[in-house]
Amino acid sequence: MASVFHRAQLAVPVAFILILGCVLPLAVLLVFSVFEVDPDAFTLVPAFSGQSWAQMFTNPVFAFLIGKSVVSGAGTALLAALIGYPIAVSMTRLPVLWKGIGSIVLLTPLYTGEIVRIYAWRVVLGSEGLVNAALKWLSVIDEPLKFLLFSPFTTHLVLLYNNLPFMVLAIWISAELIDKRLIEAARDLGARPIDAFFKVILPLTTPGLAVGVFTVFALAPAT
């Protein structure tokens, strides 16, 4: 009982930060959503009106933007999970030194600003970028491929690149907590590698996968 109470005490600062940084801003936004704008003073006045909510559900522009954000976030989260999961599980099998190098490589893009990362993709995919230059050198194309830069494909590629580290980190932490003896026991009992994966590794890494999916889903539309 004492240990449970001690863990509860340790959770208090985390809960306070979550309330202050997540719940409180959402509550303020919810309160302001029922205000109305005074056209003369350009200020919000407490009118307790549901007009903003009604407009969000009835205006086709809002419906399109919300739907586009949901689809973009879900697609990016799905691709990040498919690509990030094998990377994260593979990193758990690396020696300690290579794990450190892998974490540095994984986190290095996060140390730079989003504008810098986006501009780096412009250098790679632009008309005079590395991809077009390589294709010209190989005589594959005569003119630069414009769609490589200004297209939905590039948008989702950059979203995936920017948010993939969050997916890998979440799954990696979850995979590191797996007791390796459970996998060895499954193999000793005759389980094939694929069976050990689906019956031991995947269920135990589901929390990390869920955290990664929700994180990327929340961040991708706002990136």
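**View 1. Overall architecture of the predicted protein.** The secondary structure consists of nine helices and two strands, arranged along the sequence in the pattern α-β-β-α-α-α-α-α-α-α-α. Of the 223 residues, 25% count as buried. The accessible surface is about 15,400 Å², and carbon and sulfur atoms contribute 76% of that area. Among contacts between residues at least 6 apart in sequence, 59% join residues at least 24 apart.

**View 2. Helix α3 along its length.** A bend of about 35° is found at Gly 84, and Pro 86 follows within four residues.

**View 3. The start of helix α3.** A side-chain oxygen of Asn 59 lies within 2.9 Å of the backbone nitrogen of Val 61.

**View 4. Buried residues of helix α3 and their cover.** The buried residues include Ser 72, Gly 73, Thr 76, Ala 77, Ala 80 and Ala 81. An α-helix has 3.6 residues a turn, so residues three or four places apart point the same way. The cover over the buried residues of α3 includes α4 (96-107), α7 (152-176) and α9 (193-219).

Conventions
Residues are numbered from 1 along each chain as its sequence is written. This is a predicted model: local features need pLDDT of at least 70, side-chain atom pairs count only at pLDDT 80 or more; totals for chains, interfaces and linings use all residues. Side-chain values use heavy atoms; hydrogens and water are left out. The bend at a residue is the angle between axes fitted to the seven residues ending there and the seven starting there. Buried means under 20% relative accessible area, exposed over 50%, partly exposed in between (1.4 Å probe, protein chains only). Contact means heavy atoms within 4.5 Å. A polar contact is a pair of N or O atoms within 3.5 Å; within protein, one must be able to donate a hydrogen and the other to accept it, and residues adjacent in sequence count only if both atoms are side-chain atoms. Accessible areas come from the Shrake-Rupley method with a 1.4 Å probe; for residues, only the protein chains shown count as cover.
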